[in-house]
Amino acid sequence: MPPVVKSRPSCAQGRRAQAGFSLLEILVAFTLFALAMAVLMQIFSRGVNGASVADHYARATMYAESKQAGVGSEMPLKEGVSSGKFEDGFAWQVLIRAYVDPAPRDQQSLDFEKQYFAQLYEIETTVSFATDDSQPRNVKLVTLQLGPRT
């Protein structure tokens with residue numbers, strides 16, 4: 001029986017059997033990974049910033065509602081402007097003016113209204129604040145309240 005000679009794989013075949021990634025392939029993969037991570041980080045930071053802005057708007061709305069509720073009890077119901085600041089940097093302004101009905105009326109009905117002892121007042125409350133991106137923002141609430149005629 002003839003001797004069986006096993007042949008060794010050639011150099012090219014040996015490299016393919018032990019093939020890994022080349023340096024260029026690793027650099028391209030790492031670059032793509034870094035770009036994907038940068039995009040994800042930007043998306044997450046926008047989400048966190050959006051949550052912070054939403055929190056500021058919710059607090060500003062709460063402050064505006066609180067100031068409007070105080071008109072007539074903590075703050076007199078008379079025409080004028082009041083303003084101030086809260087401890088956390090939110091600024092507020094309350095504008096009270098007599099409500100003027102936009103519907104056209106004749107002189108007789110206007111004279112009759114002057115006999116009333118009560119009057120509608122328009123109360124405009126604005127709360128201003130700055131967010132982390134330093135953009136000025138505000139919340140404005142407008143309501144009507146019945147009060148004594150002046």
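Local features were taken only where pLDDT is at least 70 and side-chain atom pairs only at pLDDT 80 or more, whereas totals for chains, interfaces and linings use all residues of the predicted model. Residues are numbered from 1 along each chain as its sequence is written, and side-chain values use heavy atoms, with hydrogens and water left out.

The chain contains 3 helices and 4 strands. Helices (H or I, at least four residues) and strands (E, at least two) are DSSP runs, numbered from the N terminus. Read from the N terminus, the elements follow the order α-α-β-β-α-β-β. Of the 150 residues, 19% count as buried; buried means under 20% relative accessible area, exposed means over 50%, and partly exposed lies in between (1.4 Å probe, protein chains only). Among contacts with a separation of 6 or more, 58% join residues 24 or more positions apart, where contact means heavy atoms within 4.5 Å.

The 4 strands of the open sheet are arranged in the order 1-2-3-4, with antiparallel pairing. Two strands pair if DSSP finds at least two bridges between them. Strand 1 (80–85) and strand 4 (136–148) are the edge strands, each pairing on one side only. On average, neighbouring strands of this sheet are turned by 15 degrees against each other, direction ignored. For such angles, axes are lines fitted to C-alpha atoms, for helices over the stretch in contact, and values run from 0 to 180 degrees between N-to-C directions.

Strand 1 pairs with strand 2 (residues 91–98) in the antiparallel sense over 6 bridges. Within this pair, Val81 is opposite Leu95, Ser82 is opposite Val94, and Gly84 is opposite Trp92. The two strands form a hairpin with 5 residues between them, and Gly89 in the turn has a positive phi of about 95 degrees. The number of buried residues among the 6 of strand 1 is 0, so this strand lies largely in the open. Strand 2 also pairs with strand 3, in the antiparallel sense and over 8 bridges; Ala91 has Ser128 of strand 3 as its bridge partner. In a regular strand the side chains alternate between the two faces of the sheet.

Helix 2 (residues 23–70) lies across strand 2, strand 3 (118–130) and strand 4, and runs at about 20 degrees to strand 4. Helix 2 has 48 residues and spans 70 Å from its first C-alpha to its last, close to the 70 Å expected at 1.5 Å a residue. The expected span is 1.5 Å times one less than the number of residues. The buried residues of helix 2 are Ser52, Val53, His56, Ala60, Tyr63, Ala64, Lys67, Gln68 and Gly70, and these pack against strand 2, strand 3 and strand 4. An α-helix has 3.6 residues a turn, so residues three or four places apart point the same way. Just after helix 2, Gly72 takes a positive phi of about 100 degrees.

His56, in helix 2, counts as buried because its relative accessibility is 13%. Residues up to four places away in sequence aside, His56 touches Phe90, Phe129 and Ala130. Thr143, in strand 4, is partly exposed, with a relative accessible area of 31%. Thr143 and Thr125 are 18 residues apart in sequence, and their C-alpha atoms are 8.6 Å apart in space.

The largest pocket has a volume of about 400 Å³. On a 1 Å grid over the protein atoms alone, a pocket is an open set of points with protein on both sides within 12 Å along at least five of seven lines, and lining residues have an atom within 4 Å of a point. Grid points are joined across faces, edges and corners, and the volume is the space filled by probe spheres set on the points. Of the 15 lining residues, Tyr99, Asp101, Arg105, Glu113 and Arg149 are the closest to the centre of the pocket. Helix 3 (107–113) and strand 3 each supply at least two residues of the lining.

Methods
1 Å grid on protein atoms, 1.4 Å probe; cavity = no way out; pocket = protein on both sides within 12 Å on 5 of 7 lines; lining within 4 Å.
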